Amino acid sequence: MSKDNQILEEFTSKEYEHGWSVDFEADEAPAGLNEEIIHWISAKKEEPKWLLEWRLKAFRTWQSMVEPEWANVHYPKVDFQSLIYYSAPKQKSKPKSLDEVDPELLQIYERLGISLNEQKKLQGIAVDAVLDSVSVGTTFKDTLSKLGIIFCSFSEAVKDHPELVKKYLGSVVPMTDNYYAALNSAVFSDGSFCYIPKGVRCPMELSTYFRINAANTGQFERTLIVAEDESYVSYLEGCTAPQRDENQLHAAVVEIYAAKDAEVKYSTVQNWFPGDKDGKGGIYNFVTKRGICAGDNSKISWTQVETGSAVTWKYPSCILKGDNSVGEFYSVAVTNNYQQADTGTKMIHIGKNTKSRIVSKGISAGKSQNSYRGQVQVMKRAQNARNFSQCDSLLMGDRCGAHTFPYIDIQNPSAKVEHEATTSKIGEDQIFYCNQRGIDTEDAVALIVNGYAKEVLNQLPMEFAVEAQKLLALTLEGSVG
Amino acid sequence: MLSIKNLHASIEGTPILKGINLEIKPGEVHAIMGPNGSGKSTLASVLAGREEYEVTEGEVTFNGKDLLDLNPEDRAREGVFLAFQYPVEIPGVSTTNFLRTAVNQVREYRGQEQLDAVKFLSLMKEKMKLVEIDQKLMSRALNEGFSGGEKKRNEIFQMAMLEPTLSILDETDSGLDIDALRIVSNGVNQLKSPDNATIVVTHYQRLLDYIVPDFVHVLYKGRIVKSGSKELALDLEEKGYDWIKEDVDGASV
Ligand SMILES: Nc1ncnc2c1ncn2[C@@H]1O[C@H](COP(=O)(O)OP(=O)(O)OP(=O)(O)O)[C@@H](O)[C@H]1O
Ligand SMILES: [Mg+2]
């Protein structure tokens with residue numbers, strides 16, 4: 001075995017930092033999935049009838065669908081009947097403000113480094129935190145509401161802004177879209193809702209923090225972001241889960257709607273438990289994220305840093321319907337040990353002069369498999385559509401895999417579509433060069449990997465970029481020795 | 001300072017160094033010359049700790065420590081610096097960022113305080129003057145797209161930043177234009193002190209006009225086959241290596 005491989009061989013994962021869980025009394029649905037459970041969830045959340053009907057319709061659709069198998073991932077089938085579809089930390093009564101939120105819950109988030117306490121606020125970032133199935137609290141609500149911005153849990157939105165929810169829910173990701181989206185539509189428990197009125201630039205980053213705590217629970221959150229004409233918002237999402245032996249399911253749906261001249265920047269740093277270094281446990285992350293640039297000159301930009309999950313199945317996409325609209329996808333996906341990721345994007349050009357840009361950086365270590373799957377579709381009336389795709393893969397060691405599956409479908413001859421792909425290995429000579437300057441191997445790998453991912457990391461808001469850099473280093477820690 | 005005794009090293013089973021002996025004292029400059037493929041870069045790599053090379057025999061002590069026992073980063077922190085013949089590129093990592101990581105790790109090892117951004121930048125400014133390196137290169141990705149000469153200049157700049165006690169310059173002169181050769185050599189000379197030593201690997205006398213060696217060694221087939229004063233380099237410039245090769249090859253038959 002060459003030194004290179006030997007070094008990389010030793011690249012075993014460090015303990016997952018967020019692998020603790022907290023015991024507190026939870027309000028749980030019985031395990032299993034049937035119409036009764038859906039009634040139960042809907043009743044628990046005191047939902048209006050139309051939403052219950054919507055869920056039931058989704059459930060019936062889901063029952064008629066089959067689990068997709070085309071992705072380049074392999075895992076034992078999920079037993080949907082053994083899962084718990086709703087788990088809420090028990091609180092004495094519904095909290096009216098953050099001060100009333102159970103301090104133990106707040107402590108969970110404190111441990112994660114997410115402060116919900118407005119006094120110790122994350123500078124300029126409003127946070128909505130979702131634990132297991134329900135939203136724990138939203139900071140900065142007052143500041144935002146003065147501007148007419150609505151940023152709250154999905155359940156609250158259903159209660160306080162039913163007309164908006166009804167109008168946009170399922171408008172970007174129809175309940176029938178795919179297997180996991182249908183499942184989510186049937187059983188989604190909570191999530192974040194964000195509405196930016198016409199002409200408003202949201203003055204702070206809006207952030208949601210998802211955390212799975214309870215065992216055997218599926219997390220199905222639903223995020224809906226609506227940006228009206230000429231508005232702007234930057235939205236962030238972070239995720240962690242405790243370390244458990246069994247696999248947990250996360251099947252979220254994110255919908256983004258951008259009206260005329262609106263811009264939405266959506267960033268995720270995903271750090272779900274990836275399973276241990278032997279491939280035991282970890283989150284199945286089957287997520288549907290889609291945005292529509294409905295109005296002319298609108299823009300949606302997805303940035304994702306994927307370091308966690310045992311299996312990832314995720315394709316944040318843009319429907320470029322408005323003329324001159326722009327879709328962007330920036331992704332860093334790291335896999336180590338036995339992780340599998342099949343992730344990428346879809347850019348669907350419908351309007352004239354629409355532009356899309358895809359920058360995907362895969363990093364594979366250990367025995368992991370990392371696939372990029374991207375589709376660029378240019379419809380008939382999309383005159384002068386432009387796409388640029390750059391897909392790079394970085395391999396550490398020779399037991400991992402990197403795969404690229406680009407699909408291009410062009411129905412308008414004026415389209416210009418460029419695709420570039422590279423595969424490289426972390427060079428032993430690069431590491432040696434760093435060593436020779438006094439930098440130890442671990443830091444050398446972090447430097448090289450962060451350099452490689454820089455174009456994507458640069459898209460993240462400052463604080464998150466720093467976090468993401470640390471996370472990348474942490475994920476790969478010990479993998480070169 | 002550096003003592004190499006009967007050093008043998010091989011790569012992938014092929015012996016390259018076959019018994020090197022060399023003593024270097026503080027303040028000295030040693031030039032190592034020799035035909036292509038004779039093992040000069042190999043010697044430099046072995047001293048720096050490149051792990052593809054297997055040391056099969058011999059010992060190396062550096063300031064009283066067993067150098068071969070240290071990992072590459074600790075050798076660097078102890079004061080061994082190698083200016084590479086072919087510096088590598090690291091995309092996305094700026095020279096500034098790279099050097100800040102390096103300088104602070106070295107300082108930590110040496111028990112010196114960490115440099116904050118301000119102190120670090122002013123140190124950079126000072127050292128940049130030494131080799132007249134362009135500020136613009138500092139914010140670009142390390143060596144990426146640098147011209148051959150820029151890469152070499154950057155190596156010496158890094159040497160200035162890290163303040164080594166033993167510097168090994170592997171063909172730093174190749175790729176430098178005439179003015180750059182003078183500037184870089186001046187930089188190296190200014191960094192010289194009674195406490196540190198330099199090994200210059202080169203094929204040409206013109207570098208040795210600037211960096212004047214105390215000793216010149218000829219490496220051939222993995223051995224130092226001739227050592228002398230700076231005049232030896234002039235002889236080589238005039239006569240080439242044939243006479244030495246004949247001596248060696250003749251003797252070994
Ligand atoms: N992986 C390898 N396998 C076999 N031989 C190798 C390997 N790497 C290097 N060598 C050989 O080792 C010998 C010494 O190489 P080295 O780079 O040390 O020479 P050098 O003296 O620096 O030459 P130059 O003046 O051209 O820079 C060469 O013959 C080279 O081909
Ligand atoms: Mg050489």
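Modeller: One definition before we start. Ala, Val, Leu, Ile, Met, Phe, Trp, Tyr, Cys and Pro count as nonpolar, Asp, Glu, Lys and Arg as charged, and the others, Gly among them, as polar. Also, this is a predicted model.

Colleague: OK. How do the residues of the shell around ligand 1 divide into nonpolar, polar and charged?
Modeller: Two are nonpolar, eight are polar and three are charged.

Colleague: Which residues are the closest to ligand 1?
Modeller: Of the 13 residues that surround ligand 1, the closest are B:Gly37, B:Lys40, B:Ser41, B:Thr42 and B:His203. Helix α1 of chain B, residues 40-48, gives the most to that shell, with three residues.

Colleague: What lies 2.9 Å from an oxygen atom of ligand 1?
Modeller: A backbone N or O atom of B:Gly37. Side chains take part too. B:Asn36 has a side-chain N or O atom 3.0 Å from a ligand oxygen. For B:Glu171, a polar side-chain atom is 3.2 Å from an oxygen of ligand 1.

Colleague: And how much of ligand 1 does the protein bury?
Modeller: The protein buries 63% of the 650 Å² that ligand 1 exposes when taken alone.

Colleague: Switching topic. How many residues does the contact take from chain A and from chain B?
Modeller: Chain A gives 20 residues and chain B gives 32. About 2,200 Å² is buried between the two chains, and carbon and sulfur atoms give 62% of that area.

Colleague: Which residues in chain A lose the most area to chain B?
Modeller: A:Phe432, A:Tyr433 and A:Arg437. Together they make up 35% of what the chain A side buries.

Colleague: How many salt bridges cross the interface of chain A and chain B?
Modeller: The rule finds two. One of them joins A:Asp440 to B:Arg77, with the closest N and O atoms 3.9 Å apart. There are also 12 residue pairs in polar contact between the chains, both residues at pLDDT 80 or more.

Colleague: Which elements give two or more residues to the side of chain A that touches chain B?
Modeller: Those are α9 (428-436) and α10 (441-452) of chain A. α9(A) gives the most, with eight residues. By type, that side of chain A has seven nonpolar, six polar and seven charged residues.

Colleague: Back to salt bridges. What is the count over all chains?
Modeller: It comes to 24. Among them is A:Asp177 with A:Arg290, at 2.8 Å from N to O.

Colleague: Why does that pair tie together parts that are 113 residues apart in sequence?
Modeller: Because A:Asp177 lies in the loop between α7 (162-168) and α8 (179-187) of chain A, while A:Arg290 lies in strand β13 (residues 282-293) of chain A.

Definitions and conventions
Residues numbered from 1 in each chain as written. Chains lettered and ligands numbered in written order. Predicted model: local features only at pLDDT ≥ 70, side-chain atom pairs only at ≥ 80, totals over all residues. Heavy atoms only, no water. Contact = heavy atoms within 4.5 Å. Buried area = accessible area lost by both parts, 1.4 Å probe. Salt bridge = Lys/Arg side-chain N within 4 Å of Asp/Glu carboxyl O. Polar contact = N/O pair within 3.5 Å; in protein donor to acceptor, adjacent residues only side chain to side chain. Helix = DSSP H or I, 4+ residues; strand = E, 2+ residues; numbered from the N terminus. Near = heavy atom within 4 Å. Areas by Shrake-Rupley, 256 points an atom, 1.4 Å probe, with all protein chains shown as cover.
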